[in-house]
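Here is a brief report on one protein chain. Start with a look at the sequence and the model.

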Amino acid sequence: NTVSDIKTVKAGNEGQEFTIEGTVTANTSGYDQNTAFFDCTYVQDGTAGINVFPVSDSLQAGQKVRMHGAITYYNGEIELNLSEDYGGYVEVIDTEINTVSPTAVSCKDAMSEDNIGLLMKVEGTVSRVNESSGVVDRIYVKDANGDEACIYINGYIWNSATEKYDFGKDGAIPK
């Protein structure tokens with residue numbers, strides 16, 4: 001299959017199939033359940049990043065992969081769906097763990113449609129924390145410009161965060 005860059009994939013149509021190559025930026029549940037979303041990961045190349053689902057393989061942030069699937073959406077976010085319906089597959093093309101560092105961005109840029117799926121870092125004050133069934137679901141951070149970013153964790157990562165931090169109006173404060 002012809003490899004497409006992720007920016008091109010994100011401009012495609014729902015159901016359209018693509019093959020991508022990139023770097024895993026989030027561990028998978030097969031590698032470490034404490035630092036993973038449920039059966040998905042994120043992959044980025046030099047053009048963009050994208051959510052990939054379903055993936056329960058043992059993939060570690062920093063590995064290079066080739067994946068094939070089709071565009072679908074979950075909670076409004078574009079994803080590359082690797083289900084059998086689309087002939088989906090994952091192939092690790094470099095097992096070496098390359099350092100993956102987040103790009104520092106403003107909260108406004110973090111919420112930009114073009115940047116969704118990239119590994120990013122924002123700085124600011126925790127403005128609110130949403131829980132669902134007693135589990136942290138989203139953390140909102142407001143930066144110095146007054147813009148707010150949503151850090152969506154859906155209860156899957158930071159499962160011990162409440163043991164380490166107090167989330168208050170002054171931000172995340174170590175206990």
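## A strand pair

In this predicted model, strand E10 covers residues 135-142 and is joined to E9 by seven bridges. The two strands run antiparallel.

E9 and E10 belong to an open sheet of three strands. The order is E9-E10-E11, with antiparallel pairing. Strand E9 spans 125-132 and strand E11 spans 148-152. Both stand at the edges with a single partner strand each, so one side of each has no neighbour in the sheet. From one strand to the next, the twist averages 20°.

Strands of a sheet pair through backbone hydrogen bonds, and the pairing can be parallel or antiparallel.

## The whole chain

The protein chain holds 13 strands and three helices. It has 175 residues, and 37% of them count as buried. Its accessible surface is about 9700 Å². Carbon and sulfur atoms supply 43% of that surface.

Take the contacts in the protein chain with a separation of 6 or more: 52% of them link residues 24 or more positions apart.

## Confidence

Average pLDDT for the protein chain is 84. A score of at least 70 is reached by 81% of the residues.

Which residues stay under 50 in pLDDT? Residues 158-165 do. For this stretch the model has 16 contacts beyond four places in sequence.

Definitions and conventions: Residues are numbered from 1 along each chain as its sequence is written. This is a predicted model: local features need pLDDT of at least 70, side-chain atom pairs count only at pLDDT 80 or more; totals for chains, interfaces and linings use all residues. Side-chain values use heavy atoms; hydrogens and water are left out. pLDDT is the predictor's confidence in each residue, from 0 to 100. Contact means heavy atoms within 4.5 Å. Two strands pair if DSSP finds at least two bridges between them. Helices (H or I, at least four residues) and strands (E, at least two) are DSSP runs, numbered from the N terminus. Axes are lines fitted to C-alpha atoms, for helices over the stretch in contact, and angles run from 0 to 180 degrees between N-to-C directions. Buried means under 20% relative accessible area, exposed over 50%, partly exposed in between (1.4 Å probe, protein chains only). Accessible areas come from the Shrake-Rupley method with a 1.4 Å probe; for residues, only the protein chains shown count as cover.
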